Amino acid sequence: DKEVSSFFFPIKKILIENTVSTNLSELKYDLSFLINRSLFFLDKEKILTVINKHNFISSILLKKKYPNTLKIVIIEETLVATQVIDKKKFYITKANKKINFIDLKIYEDLPSIFGKYKNFDLFYNDLEENNFKINEIKAFYYFDVGRWDIVLKNETIIKLPEKNYLNLLSKINLMLNDATFIKYRIFDFRIKNQLILQ
């Protein structure tokens, strides 16, 4: 289906903003079909089809700058961790989407997830809502019994119980900021109403 060039505000320039992870040259190439098409009559379906090929993109904003420029503002996925699943490495997004891993320097400090947990986004959301220091996390370990260990970058290990860990998160935050607990490397909350420190 060959679309004809337009004399009615033809697009001469495509500006793409906000890309960190997305391959910009690939994206520009994929969107080159828009050149000489009318700014007035954009085929949004076709643009979305192209955008959906690029895994790091969550959504876009299209801004028309008359007479001949289309500005595309990219909203990228929020990457929160990496995980190896069946010997293949992925980025895990805040929305629990898996994106094929490519080595990107800006994401080299993302924590790793170990264990098969399907709804990581729910657990991550719980941590965020309780102001847990997510940027200090080195790894998440999920155990089949249904509980998590969190390993911090300073090698402190927090062993959460299977159930009712939510009300502990704010207490853990306080402990991690309290000098009296600085000497401990393991905070074990697995037994109800008990804290074992090592």
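Arg37 is buried, with a relative accessible area of 17%. Buried means under 20% relative accessible area, exposed over 50%, partly exposed in between (1.4 Å probe, protein chains only). The model is predicted: local features need pLDDT of at least 70, side-chain atom pairs count only at pLDDT 80 or more, and totals for chains, interfaces and linings use all residues. Residues are numbered from 1 along each chain as its sequence is written, and side-chain values use heavy atoms, with hydrogens and water left out.

**Arg37**
- Arg37 sits in the loop between H1 and H2. Helices (H or I, at least four residues) and strands (E, at least two) are DSSP runs, numbered from the N terminus.
- Ser112 is 75 residues from Arg37 along the chain, and their C-alpha atoms are 45 Å apart.

**Helix H1**
- H1 spans residues 24-31, and its buried residues are Leu27, Asp30 and Leu31.
- These cover an arc of only 90° around the axis, so they lie on the same side of H1. The arc is that of the directions from the helix axis to the C-beta atoms.
- Ser25 and Tyr29 are exposed, on the face turned away from the buried side of H1.
- The cover over the buried residues of H1 includes strands E1 (13-17), E2 (57-65) and E3 (69-76), and helix H2 (44-52). Contact means heavy atoms within 4.5 Å.

**Helix H4**
- In H4 (residues 166-176), the buried residues are Leu168, Leu169, Ile172, Asn173 and Met175.
- They fall within an arc of 160° seen down the axis, so they line one face of H4.
- Helix H3 (120-129), strand E10 (157-159) and strand E11 (186-188) pack against the buried residues of H4.
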